[in-house]
Amino acid sequence: MSVLKISSVSKYFPGGTKAVDSFSLDVADGELVCLLGPSGSGKSTLLRMVGGFEDPSSGLITIDGEDITHLPPERRPTGMVFQSHALWTHMNVFDNLAFGLKLRRTGKSEIREKVEAVLDLVGLAGYGERKTHQLSGGQQQRVALARSLVLEPKILLLDEPFASLDQHLRERLREEVRDIQQRLKITTLFVTHGQDEALSMADRIVVMRDGRTEQIDRPDVVYRNP
Ligand code: ADP
Ligand code: ADP
């Protein structure tokens, strides 16, 4: 059963750049698909269109059969984690996570429950009162992930979330995120230009070039026929 359907989506930027060129992809429920490709191949633009941060020039995006192509981000069942975490530094960890729930008018005790559960999930139980600038880079990215997950999105969108971290931490977080993704069975699109990252995390890999799919397959097949 595919949850996310991207059908013939294109994106032209002013000046004529064709960032994404009639791209189509079906993502199954609970699947983690990596978009892999060199810089400029359109990965980020594609992800941003799924998240609602960029409007497609043409094509259709549906989630569970519902057309979301032109909905604003806050009305989509998606959660996005960016390369630089963009946490609210004037708020503590708890308030960063509670913010979206408050907008949804979630009750106080339910907010506390959900925030504590998700902090536990990302390995930051007890960190609620910390100021975000007191956290390490890895911890900040865990908070960014938690802030998306606490809103229980149907689709998780990760745009090179480990890019600013050192190699060792990247490898650790890669495993953690894969583990969380499988535990929650959350459908995930993951953008990376790192082949290792894609090979170790993905159920399927889409190799992108010039806004199009160059190859799409399971990691072991992509690895054998790169
Ligand atoms: P990737 O994520 O694979 O590095 P991007 O999606 O960022 O690729 O970029 C794809 C192409 O679109 C590139 O040629 C890039 O320069 C161009 N592009 C991306 N964003 C914009 C923008 N806001 N305005 C104009 N061109 C853009
Ligand atoms: P990361 O967890 O991102 O790898 P570090 O390698 O800096 O971060 O920290 C390793 C562990 O040390 C963390 O998991 C945490 O338990 C603890 N730690 C890190 N920063 C702090 C801090 N500011 N205050 C208390 N404990 C911390």
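Which residues surround ligand 2? They are Y127, R130, Q134, S136, G138, Q139, R142, L169 and R172, where a residue counts as near a molecule if one of its heavy atoms lies within 4 Å of it. This is a predicted model, in which local features need pLDDT of at least 70, side-chain atom pairs count only at pLDDT 80 or more, and totals for chains, interfaces and linings use all residues. Residues are numbered from 1 along each chain as its sequence is written, chains are lettered from A and ligands numbered from 1 in the order in which they are written, and side-chain values use heavy atoms, with hydrogens and water left out.

**Confidence**

- The chain has a mean pLDDT of 94, and 99% of its residues reach 70 or more; pLDDT is the predictor's confidence in each residue, from 0 to 100.
- For the complex, the predictor gives an ipTM of 0.72 and a pTM of 0.88.

**Ligand 2**

- The side chain of Y127 places an N or O atom 3.1 Å from an oxygen atom of ligand 2. A polar contact is a pair of N or O atoms within 3.5 Å; within protein, one must be able to donate a hydrogen and the other to accept it, and residues adjacent in sequence count only if both atoms are side-chain atoms.
- R142 has a polar side-chain atom 3.0 Å from an oxygen atom of ligand 2, while Q139 has a backbone N or O atom 3.3 Å from an oxygen atom of this ligand.
- On its own, ligand 2 has 530 Å² of accessible area, of which the protein covers 47%. Accessible areas come from the Shrake-Rupley method with a 1.4 Å probe; for residues, only the protein chains shown count as cover.
- Helix 4 (137–149) and helix 5 (167–184) are the elements that give two or more residues to the shell around ligand 2, and helix 4 gives the most, with three residues. Helices (H or I, at least four residues) and strands (E, at least two) are DSSP runs, numbered from the N terminus.
- By residue class, the shell around ligand 2 holds two nonpolar, four polar and three charged residues. Ala, Val, Leu, Ile, Met, Phe, Trp, Tyr, Cys and Pro count as nonpolar, Asp, Glu, Lys and Arg as charged, and the others, Gly among them, as polar.

**Ligand 1**

- Ligand 1 is surrounded by F13, T17, A19, P38, S39, G40, S41, G42, K43, S44 and T45.
- Backbone N or O atoms of S41 and of G42 each lie 3.0 Å from an oxygen atom of ligand 1. For S44, a backbone N or O atom lies 2.8 Å from an oxygen atom of the ligand.
- The protein buries 59% of the 560 Å² that ligand 1 exposes when taken alone.
- Helix 1 (residues 43–51) supplies the largest share of the shell around ligand 1, three residues.
- The shell around ligand 1 divides into three nonpolar, seven polar and one charged residue.

**Salt bridges**

- The structure holds 15 salt bridges, each a side-chain nitrogen of Lys or Arg within 4 Å of a carboxyl oxygen of Asp or Glu.
- One of them joins K5 to D26, with the closest N and O atoms 2.8 Å apart. This pair links distant parts of the chain, with K5 in strand 1 (residues 2–12) and D26 in strand 2 (residues 18–28), 21 residues apart.
- K5 is partly exposed, at a relative accessible area of 35%, and D26 is partly exposed, also at 35%. Buried means under 20% relative accessible area, exposed over 50%, and partly exposed in between (1.4 Å probe, protein chains only).
- R204 and E31 meet through their side chains in a salt bridge of 2.6 Å, N to O. R204 is in strand 9 (residues 204–209) and E31 in the loop between strand 2 and strand 3 (32–36), 173 residues apart.
- R204 is partly exposed at 22%, whereas E31 counts as buried at 11%.
- E54 and R48 form a salt bridge with the closest N and O atoms 3.4 Å apart; R48 is partly exposed, at 26%.
- K18, D21 and R212 are joined into one network by salt bridges that share partners.

**Backbone angles**

- Most residues other than glycine have a negative phi.
- S8, in strand 1, has a positive phi near 50° and is partly exposed at 38%.
- D64 has a positive phi of about 50° although it is not a glycine. D64 lies in the loop between strand 4 (58–63) and strand 5 (66–67) and counts as partly exposed at 41%.
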